[in-house]
Amino acid sequence: MHGNTAPPVASDRVDTTGALRALLDRSRLAVAGALAVSARSVDELVALTEMPRRSVVEALGDLRASGLVDHDDGHYRFEPQALRRLAAATAAVPTPADPSIVDASSGDERAVLERWFSGRALTEIPATPTTRRVVLERIAQEFEVGQHFSEASVNDRLREFHPDVASLRRYLVDADLLDRADGTYWRSGGRVDV
């Protein structure tokens, strides 16, 4: 090493893929769980997990390599900061729009829907009328033509997309995609798949 640069300690690095892979294995998860309570030696981990020593040592190696566990004075300890960084790293990865949202869309519509949906959830209601229209036309497809829906039923379907069901419902009616009368709603516009 040159200068005063110290090597990173386990708590400074997290291999996101390796950490997730490590925690998906039952043996490594058992060891990580035991270490989450307190620092322990290999012998203590063997006794606590009732796993063969070799399995415990292999699990510790994988957990250390991923940055979730560190070793000091014969004891291994879980690194909660590494888990926090792992959570932050995975939270920053956007969820793509669900294929059922974008599959039947044209190229321009697909781009709008991919921008505004995360999974099946609408990230926010678009403010721009033309963009909002594309989103509303897609949501309107969730209502079968010729069927009447109570307001509660409409709200249940809209809640799947966004918590502000009142705004979505109003926008759908204003865009002539849903009509309402006598407390019931029905689809009145938008694309119909045949």
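Let's start with the sheet: three strands sit in the order β5-β7-β6, an open arrangement with antiparallel pairing (strands are DSSP E runs of at least two residues, helices H or I runs of at least four, both numbered from the N terminus; two strands pair if DSSP finds at least two bridges between them). The edges belong to β5 (148-150) and β6 (178-181), and each has a single partner strand, so one side of each lacks a neighbour in the sheet. On average, neighbouring strands are turned by 35° against each other, direction ignored (axes are lines fitted to C-alpha atoms, for helices over the stretch in contact, with angles from 0 to 180 degrees between N-to-C directions).

This is a predicted model, where local features need pLDDT of at least 70, side-chain atom pairs count only at pLDDT 80 or more, and totals for chains, interfaces and linings use all residues. Residues are numbered from 1 along each chain as its sequence is written, and side-chain values use heavy atoms, leaving out hydrogens and water.

Back to the strands: β6 pairs with β7 (residues 184-187) in the antiparallel sense over four bridges. Asp179 has Trp186 in β7 as its bridge partner. Helix α9 lies across β5, β6 and β7, and runs at about 90° to β5.

What about the nonpolar core (buried Ala, Val, Leu, Ile, Met, Phe, Trp, Tyr and Cys residues joined through side-chain atoms within 4.5 Å, buried being under 20% relative accessible area with a 1.4 Å probe, protein chains only)? The largest one has 25 residues, and Phe117, Leu122, Ile139, Leu158, Leu168 and Leu172 touch the most other members. Helices α6 (99-102), α7 (107-116), α8 (129-140), α9 (151-159) and α10 (165-174) each supply at least two of its residues. A second, separate core has 19 residues, including Met51 and Phe78.

Notes:
Buried < 20%, exposed > 50% of the residue type's maximum accessible area, 1.4 Å probe, protein only. Contact = heavy atoms within 4.5 Å.
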